[in-house]
Amino acid sequence: MVEAGMETSQSVVAGTPSTTVAHAPTQERSEPPLTGGACDLVTVPTRQGLEAVDILRRGTGDAVGPVLHDDGCTTLGFVVPPGTAAAWDVPGSTCTETDGRGLRLNPEPPVEGSDWLLPPGEADLATDPAVLRAALGEAARIIKAADSCR
């Protein structure tokens with residue numbers, strides 16, 4: 001789902017989650033509105049992503065923004081505010097800085113070989129990175145627990 005020329009930040013080492021410092025939090029939400037089509041994209045394995053979508057949708061308010069999936073059903077991509085990639089640190093995920101290149105929030109899939117799981121207009125403008133980080137952590141724990149019961 002990543003196009004050439006986009007910068008990515010991939011976290012491969014477990015660590016204490018840090019706050020996303022590249023955007024200014026507000027009292028109601030910690031992400032700023034998307035402007036000019038610029039946004040970042042957090043990509044995770046499908047199983048973890050679907051669990052996280054369920055967790056976010058069960059939460060209070062509209063906690064999940066647009067979500068992409070690839071045709072191979074191997075990854076989900078969460079639209080997050082621009083600047084998130086600079087501080088993204090969740091193991092097993094990648095955050096791509098699009099800077100408005102290649103990812104447009106309209107009903108058409110932004111990248112060939114992808115489609116919207118939650119299209120723009122049916123979701124918030126972006127998923128709050130702090131909320132997404134927590135949901136991905138919870139999803140990983142759920143998956144680990146389920147797999148250990150087999």
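Predicted model: local features only at pLDDT ≥ 70, side-chain atom pairs only at ≥ 80, totals over all residues.
## Overall fold

The protein chain has two helices and six strands. Along the sequence they follow the pattern β-β-α-β-β-β-β-α. Of its 150 residues, 45% count as buried. The chain exposes about 7800 Å², and carbon and sulfur atoms supply 54% of that area.

Among contacts between residues at least 6 apart in sequence, 84% join residues at least 24 apart.

## Strand β4

Strand β4 covers residues 75–80 and contains Phe-78. Six of the six residues of β4 are buried, so the strand is largely enclosed by the rest of the structure. Both of its faces are covered. Thr-75, Gly-77 and Val-79 lie on one side, and Leu-76, Phe-78 and Val-80 lie on the other. Phe-78 has a relative accessible area of 0%.

β4 pairs with two strands described here. β2 runs antiparallel to β4, and six bridges join them. Within this pairing, Asp-40 stands opposite Val-80. Phe-78 also comes 5.5 Å from Leu-41, C-alpha to C-alpha, although the two are 37 residues apart in sequence.

β3 is antiparallel to β4 as well, through three bridges. Leu-68 has Gly-77 of β4 as its bridge partner. β3 and β4 form a hairpin with four residues between them. In the turn, Cys-73 has a positive phi of about 55°.

## Helix α1

Helix α1 spans residues 46–58, 13 residues in total. From first C-alpha to last it reaches 18 Å, close to the 18 Å expected at 1.5 Å a residue.

The buried residues of α1 are Thr-46, Gln-48, Gly-49, Ala-52, Val-53, Ile-55 and Leu-56. Their cover includes strands β2 (40–45), β3 (67–70), β4 and β6 (114–118), along with helix α2 (129–148).

## Nonpolar cores

In soluble globular proteins, nonpolar side chains tend to be buried together. Here the largest nonpolar core has 21 residues. Those with the most contacts inside it are Val-42, Leu-56, Val-67, Phe-78, Trp-88, Leu-132 and Leu-136. β2, α1, β4 and α2 each supply at least two residues of this core. A second, separate core has six residues, including Cys-39, Leu-68, Trp-116 and Ala-126.

Which residues does Leu-132 contact, leaving aside neighbours within four places in sequence? The set is Val-42, Leu-56, Phe-78, Val-80, Trp-88 and Thr-127.

## Salt bridges

The structure holds two salt bridges. In one, the side chains of Asp-147 and Arg-47 meet at 2.9 Å, N to O. This pair links distant parts of the chain: Asp-147 sits in helix α2 and Arg-47 in helix α1, 100 residues apart. Asp-147 has 33% relative accessibility, so it counts as partly exposed. Arg-47 is partly exposed too, with a relative accessible area of 40%.

The other salt bridge joins Asp-89 and Arg-133, whose closest N and O atoms are 3.2 Å apart. Asp-89 belongs to the loop between β4 and β5 (93–97), while Arg-133 is in helix α2. The two are 44 residues apart, and again distant parts of the chain are linked. Both Asp-89 and Arg-133 are buried, whereas Asp-147 is partly exposed, as is Arg-47.

Terms used. Residues numbered from 1 in each chain as written. Heavy atoms only, no water. Buried < 20%, exposed > 50% of the residue type's maximum accessible area, 1.4 Å probe, protein only. Expected span 1.5 Å × (residues − 1). Contact = heavy atoms within 4.5 Å. Core = buried A, V, L, I, M, F, W, Y, C linked by side-chain atoms within 4.5 Å. Salt bridge = Lys/Arg side-chain N within 4 Å of Asp/Glu carboxyl O. Areas by Shrake-Rupley, 256 points an atom, 1.4 Å probe, with all protein chains shown as cover. Pairing = 2+ DSSP bridges.
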